[in-house]
4 protein chains.
Amino acid sequence: MADTFAQIAESLAAIAREFHSRGWLMGTSGNLSAVVDREPLRLAMSPSGVDKGELTPAQMLLIDEHARLLSHSADLSGVSSIKPSDESPLHIRIVQKRGAGAVLHTHSIWNTLLSDLYFDQGGVAIEGYEMLKGLQGVRSHEHREWLPIIENSQDMLALAETIGDTLRNHKEAHGFLLRRHGLYSWGTDLRQAKRHIEILEFLLEVLGRRKDEGRWKDEGARIRMRRKDEG
Amino acid sequence: MADTFAQIAESLAAIAREFHSRGWLMGTSGNLSAVVDREPLRLAMSPSGVDKGELTPAQMLLIDEHARLLSHSADLSGVSSIKPSDESPLHIRIVQKRGAGAVLHTHSIWNTLLSDLYFDQGGVAIEGYEMLKGLQGVRSHEHREWLPIIENSQDMLALAETIGDTLRNHKEAHGFLLRRHGLYSWGTDLRQAKRHIEILEFLLEVLGRRKDEGRWKDEGARIRMRRKDEG
Amino acid sequence: MADTFAQIAESLAAIAREFHSRGWLMGTSGNLSAVVDREPLRLAMSPSGVDKGELTPAQMLLIDEHARLLSHSADLSGVSSIKPSDESPLHIRIVQKRGAGAVLHTHSIWNTLLSDLYFDQGGVAIEGYEMLKGLQGVRSHEHREWLPIIENSQDMLALAETIGDTLRNHKEAHGFLLRRHGLYSWGTDLRQAKRHIEILEFLLEVLGRRKDEGRWKDEGARIRMRRKDEG
Amino acid sequence: MADTFAQIAESLAAIAREFHSRGWLMGTSGNLSAVVDREPLRLAMSPSGVDKGELTPAQMLLIDEHARLLSHSADLSGVSSIKPSDESPLHIRIVQKRGAGAVLHTHSIWNTLLSDLYFDQGGVAIEGYEMLKGLQGVRSHEHREWLPIIENSQDMLALAETIGDTLRNHKEAHGFLLRRHGLYSWGTDLRQAKRHIEILEFLLEVLGRRKDEGRWKDEGARIRMRRKDEG
């Protein structure tokens with residue numbers, strides 16, 4: 001890894017501020033990580049309970065493959081307890097299963113809505129959009145992206161297991177949704193992970209608003225009904 | 001309290017600018033306060049009639065438990081009259097009843113809409129979202145948050161009484177809505193109060209947009225109706 | 001007037017940038033003015049054909065009561081022709097009829113939609129919202145604001161006449177809409193005019209989204225219809 | 001051309017950042033170009049695969065009329081391969097057919113939705129809005145703008161041919177849509193091209209949200225149906 005922990009922490013804080021301003025990391029929601037070393041695994045991880053709009057580079061923590069805290073900066077003002085995010089095991093699992101260099105997790109209005117609306121189907125299919133080409137390895141809008149949806153849980157170790165299974169069963173997926181919770185995506189580096197989040201958030205909003213289309217096309221039918229009703 | 005009045009005034013003005021940019025404090029709407037001292041009560045309070053996008057630390061006022069003006073900065077340019085917000089009694093009541101260290105009140109599109117839409121039910125239930133864990137003391141998405149809705153009034157002392165009753169009857173609530181008016185939330189300190197506003201605004205928007213789901217799922221029924229109509 | 005032309009030009013450009021970032025002055029749309037002197041009338045006016053996101057203080061023009069150009073700054077880079085906005089006569093009429101010190105005109109998504117949707121009714125009624133108290137002279141949410149809607153026209157002198165009539169017939173109005181065009185509001189000074197725009201834009205968006213409520217409440221009826229259809 | 005390559009690169013990067021913050025260039029989506037010289041054609045072009053929120057002036061490339069790379073800045077950090085955008089042939093075709101000085105291409109939620117919704121009609125008609133006057137040569141809101149919609153393709157040379165035909169058949173068009181892909185617009189210079197994008201994005205959002213109007217007006221009919229159903 002060319003980037004030092006300090007550089008990575010700087011980039012993570014910048015992404016947190018940008019995503020917070022878009023409304024994707026409101027309050028303490030969401031978390032961010034990036035690999036500092038692979039052998040043994042060293043991960044820069046956002047702390048638990050810190051507002052993402054105020055996250056500073058100095059607050060980023062260094063953890064190992066068991067989510068144990070290894071070190072942190074001297075300046076931790078505003079952090080109630082020095083603790084990596086509860087969802088660290090999920091990040092570690094994704095890094096291990098996908099060889100990811102960075103993992104980002106957002107809570108947006110649209111990913112929250114769609115994670116519930118499509119839960120019964122087990123996932124969301126996104127197909128036919130040029131924007132899909134922003135996902136690593138996708139070369140045409142004719143690609144079909146399947147975003148699996150996993151039931152939410154507070155048992156993070158069990159959830160990490162389920163995520164491991166999901167990643168194995170959906171080897172092509174660039175992300176997944178936790179029900180009524182949010183979106184996870186990743187990349188070979190932080191830049192690619194950020195891009196994947198932007199692409200997937202965009203496409204989820206398109207799908208959400210597209211639902212209106214059925215209603216739009218239905219105007220003719222309703223006009224006929226009204227005439228019958230009045231006639 | 002570790003923070004001085006000057007530091008608190010700085011933080012309140014920064015929050016006002018950020019919330020204004022999100023469209024939650026348009027024009028002179030909304031107000032903000034934070035406790036400077038408890039015994040006797042000294043509250044930093046936003047002035048009446050000042051546009052929140054332009055609120056400066058120097059414009060913040062110091063008031064007592066009767067909402068009387070105690071002192072203010074020398075620089076009050078742009079303030080037509082040096083007067084604490086009309087809603088100061090509501091802030092004071094919340095501080096007293098909840099032991100809050102800060103109280104924030106926003107007017108957003110979605111809190112305005114939902115405060116009216118759910119008024120007949122007496123409140124809004126928010127349940128099953130991971131985002132709820134951003135509220136103090138909530139440890140699982142399975143939490144059910146009940147946001148009471150109170151009829152709006154210009155009689156601030158009567159309204160303070162009603163709010164006192166509501167807070168007594170809903171000891172677990174992290175906020176409440178005033179009908180066609182806005183959201184109140186609070187926290188042990190300003191950081192927590194800001195987080196609670198972000199969390200609740202997010203969840204109210206999810207609920208508002210989720211209403212569409214009923215329509216979305218209804219497409220099949222309408223297609224059948226159209227066929228009958230045409231057949 | 002305490003403020004000089006230079007100070008006013010600075011404030012107008014700052015408002016233009018802020019409103020442009022909110023999407024209320026896209027491209028060259030909208031215009032802004034403020035009174036520099038009353039006798040004879042001297043108005044600082046935004047130039048024609050300048051993108052509002054790039055408007056600089058140096059581009060603001062000084063005009064008289066016939067919308068004639070009196071003077072301008074030396075630096076007019078980016079202005080194709082030194083010409084006050086075509087809608088200057090509308091600003092002048094409002095200043096004369098209302099004694100306004102500033103006039104602002106925005107093109108937002110919601111004011112465009114509602115100016116058309118309510119055109120047949122002659123205006124939009126806004127009633128019962130706390131936010132109304134941000135309008136000058138309004139002391140209670142129980143106020144009913146009537147925003148007249150005027151048919152759009154490219155004949156600016158004729159349109160100025162119609163606006164004069166409208167202002168005479170609706171002495172209490174704090175603004176009006178031009179059909180499929182935009183919102184005009186004003187104030188005793190620039191600060192108040194900006195506040196009025198923020199308040200009215202907020203309320204128009206609330207009304208626009210509130211339309212959905214009818215649909216929301218109708219879910220029960222549609223479920224019954226579906227049962228009949230299937231039964 | 002008065003502007004140097006360095007000045008143009010600066011302007012293109014500034015527009016990219018602004019459009020990215022509006023959500024119109026998420027991830028690597030969209031691209032931007034401006035003419036540096038006409039004879040022979042020299043075009044400043046955004047590189048392939050660079051996130052638009054991070055695009056720097058130093059990353060802009062100089063290409064000829066065959067989309068061949070001529071030169072670039074020394075500083076290309078963050079660019080995986082020094083390659084002009086795959087859609088360069090489309091930009092070149094527009095420059096040649098329209099005599100444009102700049103071409104901009106955005107991916108917004110609303111242009112994506114409408115490019116699909118109106119595809120069967122071959123285009124979108126926008127008529128009767130004052131905002132249309134922001135398009136070059138349009139002097140009245142009574143103008144009817146026809147935005148052709150072209151089927152998306154990954155064969156950029158074939159697509160450039162189709163675009164050439166479309167521009168020939170729709171000589172008055174200020175832009176066109178690629179299905180489920182995005183909006184192209186242009187101008188005599190970069191300022192005008194940016195204005196055209198802002199105007200067209202605004203109007204597409206108005207059209208998209210206006211679709212709701214049919215539903216809004218239908219409330220009366222549904223209330224009558226409900227009564228019959230219950231009666």
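What follows is a conversation about a predicted model, in which labels are set against the rules behind them.

Colleague: What makes the contact between A:Lys194 and A:Glu18 a salt bridge?

Modeller: The rule asks for a side-chain nitrogen of Lys or Arg within 4 Å of a carboxyl oxygen of Asp or Glu, and the side chains of A:Lys194 and A:Glu18 meet with an N to O distance of 3.2 Å, so the pair qualifies. A:Lys194 lies in helix α5 (residues 190–210) of chain A and A:Glu18 in helix α1 (residues 5–21) of that chain, so the bridge ties together parts that are 176 residues apart in sequence.

Colleague: What makes the pair D:Asp116 and A:Arg210 a salt bridge, and which parts does the pair join?

Modeller: The closest N and O atoms of D:Asp116 and A:Arg210 are 2.6 Å apart, and the limit is 4 Å, so this pair also meets the rule. D:Asp116 lies in helix α3 (residues 109–117) of chain D and A:Arg210 in helix α5 of chain A, so the pair joins two chains. D:Asp116 counts as buried at 8% relative accessibility, while A:Arg210, at 22%, counts as partly exposed.

Colleague: How do you know that C:Asp86 and C:Lys83 form a salt bridge, and how are C:Asp86 and C:Lys83 classed by accessibility?

Modeller: Their side chains meet at 2.7 Å, N to O, and the cut-off is 4 Å, so the pair counts as a salt bridge. C:Asp86 has a relative accessible area of 37% and is partly exposed, and C:Lys83, with 36%, is partly exposed. Elsewhere, salt bridges that share partners join A:Asp116, A:Glu151, A:Arg179, A:Arg180 and B:Arg210 into one network. Over all chains, the count by this rule comes to 64 salt bridges.

Colleague: What makes the backbone at B:Pro40 and D:Pro40 worth a remark?

Modeller: Most residues other than glycine have a negative phi, and most peptide bonds are trans. The peptide bond that joins B:Glu39 and B:Pro40 is cis, with omega at about -5°, and a cis bond with omega of about -5° also joins D:Glu39 and D:Pro40. In chain B, B:Pro40 sits in the loop between β1 (31–37) and β2 (42–45); in chain D, D:Pro40 sits in the loop between β1 (31–37) and β2 (42–45).

Colleague: Which phi values are listed for B:Ala67 and D:Arg180, and where do these residues lie?

Modeller: B:Ala67 has phi near 65°, a positive value in a residue other than glycine, and its place is the loop between β3 (61–63) and β4 (69–72) of chain B. D:Arg180, which is not a glycine, has a positive phi of about 50° and lies in the loop between β8 (175–178) and β9 (182–187) of chain D.

Colleague: How do you know that β1(B) and β2(B) pair?

Modeller: Pairing requires at least two bridges between the strands, and β1(B) and β2(B) have four, in the antiparallel sense. These strands form a hairpin with four residues between them, and B:Ser33 stands opposite B:Met45 in β2(B). Three bridges join β2(B) to β3(B), which run antiparallel, so this couple passes the requirement of at least two as well. Here B:Met45 stands opposite B:Leu61 in β3(B).

Colleague: Why is B:Ser48 placed in its accessibility class, and what does B:Ser48 touch?

Modeller: B:Ser48, in the loop between β2 and β3 of chain B, has 18% relative accessibility and so counts as buried, the limit being under 20%. Leaving aside residues up to four places away in sequence, B:Ser48 touches B:Lys83, B:Pro84, B:Ser85 and B:Asp86.

Colleague: How much of chain A counts as buried?

Modeller: Of the 231 residues of chain A, 61% count as buried.

Notes
Residues numbered from 1 in each chain as written. Chains lettered and ligands numbered in written order. Predicted model: local features only at pLDDT ≥ 70, side-chain atom pairs only at ≥ 80, totals over all residues. Heavy atoms only, no water. Buried < 20%, exposed > 50% of the residue type's maximum accessible area, 1.4 Å probe, protein only. Contact = heavy atoms within 4.5 Å.
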